[in-house]
Amino acid sequence: MRLMSRLSVECILDLVAIRRNGRNVLDMLLTAAIVQANLAEINRRADLQMTYADVGAVVPDELRRPIHLLAIANSLGAPFETVRRRVKAMVDDGLCRLGPDGVIIPAEVLTSPVNVATGLRAYERMRTFYYQLMDAGLLADLPPPSVGLTADATPLRAVGRLLFDYVLRVVDTLGPITPDLLDRLIFLEIFRENVEGFPVEVVGGDTLEARDMVPDADRRPIVIRTLADRLGLPLETVRRHVAALVAEGVCERRETGLIVPSTALGRPPVRAAIQANAANLHRLFAGLSQLGVLRLWDAMRPESGGPVSGRQGLGDQTP
């Protein structure tokens, strides 16, 4: 489960970097929450999922269900004023539409060249993630496809909806570790940097207890400026949030930067988040398997197989 979490965090943060496309990192999470609410009915029906699966099959605005700002704030555990301010900026930039019934991400935004390009990069990063998990033997007992995709399909829309749902679930499970939304992303970024250079076979002991974690001395610290650059946040904002995380014992300052220590990783809320991630990941890939996406990706993989890099598809968006 720790290896699964490590690979998951790398993928999630790469996806956040790709999809935020240079904007405030909170905008990406807001977009995910709005899209998921707008398309709740689509996500409940397999026939509609397939109708609006391919890259060119965007859901029309009349089928989108608006969501109120307070509901967005509650779903993310974010302050209402922060959500109101960020959504207003997104409306001003033409990225969403706010009406008396709430906010939607309109089809014209989702079909823009920029959105399609970032969506395709995220799609490829997700495909790489699947290959990583398969190479490590971490996926099992997935249901067979219940529908079929043609060999030339690019089910970007279907994959994107399932990915948004997964990312939001992961962010939600981090609430007991730290209640602040930005703190959760900073926590993940520190953890990712600490262990990013580890070979896949370095997993530590057999339990989720602190004693079985990789020793703190082997973790690679990260400095605040790198954190700010990775997340696209002001330096002082990150400095303030890091101070709160240090005070809570979630991370520690070392001479060369910040680490998430094994004592923090062994806490019950972190262990619970690691276990929840395994369940949420199975849910994600079960959905992808049922839609026939995994069969499509299996057919696309080069026969040579072999390890794949987690940073594929980031291009110029690499944080």
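**Entry 1, conventions.** The model is predicted, so I kept local features only at pLDDT of at least 70 and side-chain atom pairs only at pLDDT 80 or more, while totals for chains, interfaces and linings use all residues. I number residues from 1 along each chain as its sequence is written, and side-chain values use heavy atoms, with hydrogens and water left out.

I looked up the secondary structure and found 15 helices and four strands; helices (H or I, at least four residues) and strands (E, at least two) are DSSP runs, numbered from the N terminus. The radius of gyration is 19 Å, close to the 20 Å from the globule rule for 319 residues, so the protein is as compact as a globular protein of that length. That radius is taken over C-alpha atoms, and the rule is 2.2 Å times the number of residues to the power 0.38. Along the principal axes, the C-alpha atoms fill a box of roughly 55 × 50 × 35 Å.

I then looked at burial: 50% of the 319 residues are buried. Buried means under 20% relative accessible area, exposed over 50%, and partly exposed in between (1.4 Å probe, protein chains only). Of the contacts with a separation of 6 or more, 79% are between residues 24 or more positions apart; contact means heavy atoms within 4.5 Å.

I checked helix α2 (residues 25-38) against helix α9 (residues 156-173): their axes come within 9 Å and cross at roughly 120°. Axes are lines fitted to C-alpha atoms, for helices over the stretch in contact, and angles run from 0 to 180 degrees between N-to-C directions. That makes α2 oblique to α9. The classes are roughly parallel under 35 degrees, roughly antiparallel over 145, roughly perpendicular from 65 to 115, and oblique for the rest.

The crossing of α2 and α9 is left-handed; this applies if the near helix is turned anticlockwise from the far one by less than a right angle, and right-handed if clockwise. From α2, Met28, Leu29, Ala32, Ala33, Val35 and Gln36 meet Arg161, Phe164, Asp165, Val167, Leu168 and Val171 of α9. I sorted the residues of this contact into nine nonpolar, one polar and two charged. Ala, Val, Leu, Ile, Met, Phe, Trp, Tyr, Cys and Pro count as nonpolar, Asp, Glu, Lys and Arg as charged, and the others, Gly among them, as polar.

I stayed in helix α9 for valine 167, which is buried at a relative accessible area of 3%. Beyond its neighbours within four places in sequence, valine 167 contacts Ile12 and Leu29. Its C-alpha is 21 Å from that of valine 114, 53 residues away in sequence.

Helix α5 (residues 69-76) packs on helix α6 (residues 80-92) at about 120°, with the axes 9 Å apart. The two are therefore oblique to each other, and their crossing is right-handed. Leu69, Leu70, Ile72 and Ala73 in α5 meet Phe80, Val83, Arg84 and Val87 in α6. By class I have seven nonpolar, no polar and one charged in this contact.

I placed arginine 64 in the loop between α4 (46-51) and α5. Arginine 64 is buried, with a relative accessible area of 6%. Leaving aside neighbours within four places in sequence, its contacts include Asn38, Val58, Ile104 and Ala107.
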